[in-house]
Amino acid sequence: MTSKLIAVIDDEPDIRELVSIHLKRAGFQAETFKQADDFLHFLNANEPDLIILDLMLPDADGLAQDMVRDSITAFVNRDADLAEDVCKRDDEVDSLNDQIFRVLLTYMLQDPKNIERALDLILVGRHLERIADHATNVGEDVIYLVKGKSIKHHFETRKISKM
């Protein structure tokens, strides 16, 4: 009986090493990856039994999580500048989600066996993007609360003037 193959994707080397050590001690075969691109290349020749994915999105520094934290901080402190910064970061998350979708779509087209796994990862990206959208909504509400100016649905075209 062969040991189960587990892929670990995380941008933090200490976490990758720690998870890998414990998995190997438990009798699993563990492969670690710093970036999603390396993992996708690995998937062309391997089919892991389990994928442990860094939910902070490797290479994105936990952008959605930072947006949630900053939007709450902006609300508590009535900080319109921080709220504006949160709103600006939404485009970055949207772009990252689009990039993930394109990479995984290409991966699915290369081999139909990959469709189910890739769709799961696409949904993870979509849900993280929605979390960032909610943080943006909080940021927009903070700007309205502090400055009395609504920027919903058109942040890109309006700059927040100092009131």
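Residues are numbered from 1 along each chain as its sequence is written, and side-chain values use heavy atoms, without hydrogens or water. Because the model is predicted, local features need pLDDT of at least 70 and side-chain atom pairs count only at pLDDT 80 or more, whereas totals for chains, interfaces and linings use all residues.

**The sheet.** Select strand S1 (residues 5-9), then the edge strands S2 (29-33) and S3 (50-53), each of which pairs on one side only. Together they form an open sheet with the order S2-S1-S3 and parallel pairing; strands are DSSP runs of E with at least two residues, helices are runs of H or I with at least four, and two strands pair if DSSP finds at least two bridges between them. S1 and S3 are joined by 4 bridges, and Leu53 in S3 is the bridge partner of Ile9.

**The rings.** Now select Phe33, Phe39 and Phe42, which ring pairs link into a cluster. Rings of Phe, Tyr and Trp (its six-membered ring) pair if their centres lie within 6.5 Å, and planes under 30 degrees apart count as stacked, over 60 as edge-to-face and the rest as tilted. Phe33 and Phe39 are edge-to-face, with 5.6 Å between centres and 65 degrees between planes.

**The loop.** Finally, select Arg78, in the loop between helix H3 (63-77) and helix H4 (80-110). Although Arg78 is not a glycine, its phi is positive, about 55 degrees, while most residues other than glycine have a negative phi.
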